[in-house]
Amino acid sequence: MSNLKKVLATLVVVGAIGGLAAFGTFSAFSSTTSNPGNEFTAGTVSLGDNDSGSSLYSFANAKPGDSVTKCINVTYTGSLDSDVKLYVPEAIGSLGANVNLTVTPGTQSTPSFPSCTGFTAASGGSIFSGTLSAFASAHNSWANGLGTYPSGATKWSTTNNVVYQVTAQLDPSLSGSGGGTTGTHSLTWEARNQ
């Protein structure tokens, strides 16, 4: 082997050993710290009732003085504290001016839609008493909805519930040939986290 080849081979070996030594020297000191488990999860707003999709009242061929009283349990299961408001979003037909409506929040030991057995009114009594038309006119969206809270609370939170007793009566003093309708409408409870 020529001297030049021996010198080059020696330089390659020395360079490789020097590289390994340098690598070992630079990696001998190390330090890390970690903040594990970071996560961002959105809260929930969830409101339900026990009506199984059924209407609270539906009265055909009503005559003056006929009335119905039913109860519905509204339950909050969201994780974020929320405000809950009641309103009627649909337009009410002409008979609505002759339907007296009373809405009273309270409690019920064993809520069973639409029964009011065992219903106990909240200490403040009814939150609305007037005509269906007046209710829908004053409370037809979230913005002007009728706010209610579980007893002693300022917001609805997980597992809060309120039982609402709703009484609808065709005005006993109504006269004439009859006819007319309120049209189908819904009582809507809406929860919003503020």
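In the predicted model, the lining of the second largest pocket draws at least two residues from each of β4 (99-108), β5 (119-121) and β8, and β4 makes the greatest contribution, with 3 residues. This second largest pocket holds about 270 Å³ of space, and among the 16 residues that line the second largest pocket, Pro105, Ala122, Tyr149, Pro150 and Ser151 are the closest to its centre. Divided by class, the lining of the second largest pocket comprises 7 nonpolar and 9 polar residues, with no charged residues.

Two or more residues of the lining of the largest pocket come from each of β1 (47-49), β2 (67-76) and β8 (161-170). The lining of the largest pocket is made up of 18 nonpolar, 17 polar and 3 charged residues.

An open sheet is formed by 3 strands, arranged in the order β7-β3-β9 with antiparallel pairing; β7 (146-148) and β9 (188-192) are the edge strands, each of them pairing on one side only. From one strand to the next, the twist averages 35°. Strand β3 (residues 83-87) runs antiparallel to β9 and is joined to β9 by 5 bridges, and Tyr87 stands opposite Thr188 in β9.

Note on methods: Residues numbered from 1 in each chain as written. Predicted model: local features only at pLDDT ≥ 70, side-chain atom pairs only at ≥ 80, totals over all residues. Heavy atoms only, no water. Helix = DSSP H or I, 4+ residues; strand = E, 2+ residues; numbered from the N terminus. Nonpolar A, V, L, I, M, F, W, Y, C, P; charged D, E, K, R; others polar. 1 Å grid on protein atoms, 1.4 Å probe; cavity = no way out; pocket = protein on both sides within 12 Å on 5 of 7 lines; lining within 4 Å. Points joined across faces, edges and corners; volume = space filled by probe spheres on them. Pairing = 2+ DSSP bridges. Axes fitted to C-alpha atoms, helices over the stretch in contact; angles between N-to-C directions.
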